[in-house]
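Please look through the sequence and the model shown here before reading on. The paragraphs that follow lead from one part of the chain to the next.

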Amino acid sequence: MKGAKSKEDLLKKLKERGIDFMENQDMSSYSSIKTGGKADLILFPRNEAELGLIIKLTEGVISECFRYVVGGGTNTLFKKERICVPVISFKKFDSSVSDASENYGSHENEKCGEKVMRFGAGINLSKILNYSMRHNLSGCEFFYGIPGTLGGAVKMNAGSKESSVGNIVEAIDIFDSNGSKRTVQKKDMNFSYRSLNIKGIKDNYCITSVYLKLKESSKAEIAENIKIFKERKSGQPLGEFSLGCIFKNPEGFSAGKLIEEMGFKGVSFGGASVSRKHANFIINKGGAKPSDIIFLIDNIREKALESKGIKLDTEIKIV
Ligand SMILES: Cc1cc2nc3c(=O)[nH]c(=O)nc-3n(C[C@H](O)[C@H](O)[C@H](O)COP(=O)(O)OP(=O)(O)OC[C@H]3O[C@@H](n4cnc5c(N)ncnc54)[C@H](O)[C@@H]3O)c2cc1C
């Protein structure tokens, strides 16, 4: 299939094929910090077939640039006032679950109670955790309190000190930037701190399915394993609008402690404020503009470099 000839042609083709889209959308609804610029076009594929079609149709239309993918938007700040590249939202994407042990597991895995489960990339981590608890499957307890979709979590290698998604991923299905579908095995995935690089694949791929290795366990053991994450989450401002931790922990330091030591706890600018509960969280107290958040980020960064000689890198994605 060829790409659409113009934006009008693209919208006509999307309508003909029954693909959901919206124009001129406020991205505050697609980011957990509830602020953001406007997207010219946001598309909502429900499955691989629709996503494949969208990738082909949007090739080179509207902008030479690629599309931008958003899952739950729990780690993404839409800073730009106007986002011209088509945004693909995984809000309505496949969130089904199935047992893929037959394709991925060995007899040995089976003997030690290991299972490989396939999840649609649109599923929320909280749903996976609930599913695992219901089916007595252990391995993803660290998902507790991490919002967002599985696709976003794989891309971010989300997790905690104890574990991160990369430790339990066996394989993923993706569409590369040209719209070719492929399965990527664990050996070709390079997971590092809050990041994933795939051997030989440019960064703008879309993850459609994720295969996670889980282990048969008991409800009591799973509940016990979750305790440590529950405790940790009680120290985070979970009821507020935020993006989780803003900065990555620099080697050997806690970014939160560093920001607290520099006196930023509770510091506000416009509608944004450094959380009093956890200094690595910036919260939207109401009416925050993306520029308010960026102002605080820049100030924290500058001070960390000046006063401590430490370069802070953002964990969040700024678009
Ligand atoms: C209150 C709170 C607590 C948090 N706690 C934690 C924590 O403990 N540990 C932690 O690691 N993170 C934490 N986070 C951050 C965030 O929840 C995770 O990074 C999460 O995995 C992001 O998922 P998402 O779907 O929201 O990603 P998004 O913000 O939508 O996207 C993140 C990145 O992934 C890409 N992406 C999204 N979906 C896909 C896809 N299907 N295919 C390809 N690329 C995709 C996006 O383009 C972007 O680059 C927290 C956030 C909040 C708000």
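**A walk through the model**

Gly235 touches Lys277 and His278, when residues up to four places away in sequence are left out, contact being taken as C-beta atoms, placed from the backbone, within 7 Å of each other. This is a predicted model, in which local features need pLDDT of at least 70 and side-chain atom pairs count only at pLDDT 80 or more, while totals for chains, interfaces and linings use all residues. Residues are numbered from 1 along each chain as its sequence is written.

Gly235 belongs to the loop between α7 (219-233) and α8 (255-261), where helices (H or I, at least four residues) and strands (E, at least two) are DSSP runs numbered from the N terminus. Gly235 is exposed because 10 other C-beta atoms lie within 10 Å; by the rule used here, a residue is buried with 20 or more other C-beta atoms within 10 Å of its own, exposed with 12 or fewer, and partly exposed in between, the C-beta atoms being placed from the backbone. From C-alpha to C-alpha, Gly235 and Glu141 are 18 Å apart in space and 94 residues apart in sequence.

The chain is divided into domain 1 (7-89), domain 2 (97-233) and domain 3 (255-318), with bounds that come from an automatic or database domain assignment. The centres of domain 2 and domain 3, taken over C-alpha atoms, are separated by 30 Å.

The ligand is surrounded by 30 residues, the closest being Gly71, Gly148, Gly151, Gly152 and Gly244, and a residue is taken as near a molecule if its C-beta atom, placed from the backbone, lies within 6 Å of it. At least two residues of this shell are supplied by each of β3 (68-70), α6 (150-156) and β13 (206-216), and the largest share, 5 residues, comes from α6. The shell divides into 13 nonpolar, 15 polar and 2 charged residues, with Ala, Val, Leu, Ile, Met, Phe, Trp, Tyr, Cys and Pro counted as nonpolar, Asp, Glu, Lys and Arg as charged, and the others, Gly among them, as polar.

Strand β13 also pairs with β9 in the antiparallel sense, over 6 bridges, pairing being assigned if DSSP finds at least two bridges between two strands. Strand β9 (residues 169-175) is mostly covered, with 6 of its 7 residues buried, and 5 bridges join β9 to strand β10 (residues 181-185), again in an antiparallel arrangement. Asp173 has Ser209 as its bridge partner in β13 and Thr183 as its bridge partner in β10. The hairpin formed by β9 and β10 has 5 residues between the strands, and Gly179 in the turn has a positive phi of about 85°.

The largest nonpolar core has 81 residues, and those with the most contacts inside it are Leu150, Val154, Ile172, Val210 and Leu212; such a core is a set of buried Ala, Val, Leu, Ile, Met, Phe, Trp, Tyr and Cys residues joined through C-beta atoms within 7 Å. The most is given to this core by β13, with 6 residues. Among the residues touched by Leu212, not counting those up to four places away in sequence, are Met117, Phe119 and Cys140.

Asn157, in the loop between α6 and β9, has a positive phi of about 45° although it is not a glycine, and Asn157 is partly exposed, with 19 other C-beta atoms within 10 Å.

Conventions. Two residues are in contact if their C-beta atoms, placed from the backbone, lie within 7 Å.
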